[in-house]
Amino acid sequence: MKKTAAILVFLLYILQIPVQGQDRVDLIIVGGGASGTAAGIAAGRMGTKTVILEPTSWLGGMLTAAGVSAIDGNHRLPSGIWGEFRKELEAYYGGPEKLSTGWVSNTLFEPRVGNEILQKMAATVPDLTVRFESQWTAANYTEGLWTVVFRQNGQLYQIQAPLLIDATELGDVAAAQGLPYRLGMDARAEIGEEFAPEQGNDIVQDLTYVATLQDYGQGVDKTIPRPADYDPAEFACACAHADPTTDHDPTLDCGKMMDYGKLPNGKYMINWPNCGNDHYVNLVELSPEEREKELEKAKQTTLRFVYYIQHELGFRHLGLAEDEYPSDDHLPMIPYHRESRRYRGLVDFTLPFVRSPYAAPSPLYRTGVAVGDYTIDHHHKKKPDAPAIDFIKIRVPSYNVPLGALIPKEHPALILAEKSISVSNIVNGATRLQPVVLGIGHAAGVLATEALRQKKPLSEVSIRSVQQALLDQKAYIMPFIDMTPSDPYFQSMQKAGALGIFKGEGVPYLWANQTWFYPERPATEFETVDGLRPFYPELGDFWAASGDYLRGERLILILQRIRPDLIEETILNEWKTAGLSGQFSAARTLTRKETAVLLDRILNIFQKEVDWSGYWIEPRD
């Protein structure tokens, strides 16, 4: 594929095929889906001249163009661009309670509204250009420069940039460069995950062609024509539903099934896995023509299910929303892809790093750039011969995604986004959800900008600079649910967590996993010293720290081991300048929040770099 792309670019010159324009920018993003849009907004806001090439006329991908407009997870983690997008939705509909219309999510919206908001956000960024209805045809990287050829309105165009983000739905640009990837289920021994099947395979998750239905009112019959090969037995168990995280028996409640994805303004998202419109096909490595043929089958699965809802269940007044999508068939422009190629990055984000980040083989959590709390969720009901994996038993807390998973091992100027990051098949069941993918895109845009600013290959970019920029943009780098970016001490607590000074407490919890920082809990002497020890050799032999709560006089003693010239007045001044409540004193018992703020201001530990595995390294020149 890499040779094919290079040959195509070469032929354009040799055969003098007309190419309109020779634009040069800082960053090319192929794909204006959830991650591509977030990346473009983030990079453009930082002054990076960016172009997004998007094959449809919408922004947002699975959020909008695929119709998956019920957000899964991160309700209490309003990180960065995801949090900004949700605020815009709340403003549009009149408050957060107006978005809680269906029981699958706290945030549901009409796809066209999501697209309008994202386009409005993008339009406010002067350094971001979106080329809609643009299909890339070749991408070649030579001598430090990308050359991408794309087709728009029947014409070929060419654009160049030193960096590129692959934000396509299936990782197609990286594949064209010949980068190695995994596809399907990983083998247990290879990936090191006890829940993986013994033998690997190429089985991906079911995809879905979502439908958006509109309530046209009782007495109105919007039943579609009977689809070919329709058999009601295909959907016979659709109304049977039970929450797999509870012990409740299944209920036969068709109304509840419909309310699952109830959207504002009398609309319904039809994205139902239980004898519904999930559809199995692995089309990742198929040609564009073969993909289209297979996706038509997925559309037919959805149309059969819509007919079943109307004809068998009696919801005849619910018809395909005719004003939702700019498509002739009133269906979304793209399917909902739950799985992509998964490339091999500088680090591999696998289950041990999610289940127990502080006991994992390396402290990847220190390099986190995007957060998620949705449980690991896989769809395989339309592929009965897929190896059974009991995902409900894979209990995990909330987590963060390491920056190294966005950088392929074998390319100096390509950033991975969407669902193509370096992640295991099992963990992809959590990282594929909308807010996480938005966060991955946000981080990708910041990473690109920092690489350009630092004039370094991606593999040499300062991780701390990327994290600091994300924090400045109100993004989380640690998945702590008991703080928000509006908290004046948010950054200090996030940094203390990313440094490992104060560890969070993870809780697997239903469909919204948790990690708690406990800001108001008293810090202990031991956890403070133990958290600082990896960064300061001076504390290596300091064992005079007990499990007692940390008092002011003991903090002074600890800090003086690191900075012998430190005096109490310095701490008093930092306390006052930070605006912490009350007064610092030798007898005061300090909370984790107060200690995090003081350590951040006095030691500025966050300037100390970590490597891609999360280990401390000497500051770079």
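Student: Numbering the bonded cysteines of the protein chain in sequence order, what's the pairing?
Tutor: This is a predicted model, where local features need pLDDT of at least 70 and side-chain atom pairs count only at pLDDT 80 or more, while totals for chains, interfaces and linings use all residues. Residues are numbered from 1 along each chain as its sequence is written, and side-chain values use heavy atoms, leaving out hydrogens and water. Searching the whole structure turns up two disulfides, a disulfide being a pair of cysteine sulfur atoms within 2.5 Å. In sequence order, the bonded cysteines pair up as 1-4, 2-3.

Student: How many residues apart in sequence are the parts that Cys237 and Cys275 tie together?
Tutor: Cys237 and Cys275 form a disulfide with sulfur atoms 1.6 Å apart. Cys237 sits in the loop between strand 11 (211-215) and strand 12 (240-241), and Cys275 in the loop between strand 15 (267-270) and strand 16 (278-279); strands (E, at least two residues) are DSSP runs numbered from the N terminus, as are helices (H or I, at least four). So the separation of the tied parts, in residues, is 38.

Student: Which helix holds Cys254?
Tutor: Cys254 is joined to Cys239 by a disulfide, S to S 2.0 Å. Cys239 is in the loop between strand 11 and strand 12, while Cys254 lies at residues 254-259, that is, in helix 7.

Student: Is Cys239 buried or exposed?
Tutor: Buried means under 20% relative accessible area, exposed over 50%, and partly exposed in between (1.4 Å probe, protein chains only). Cys239 has a relative accessible area of 7%, so Cys239 is buried.
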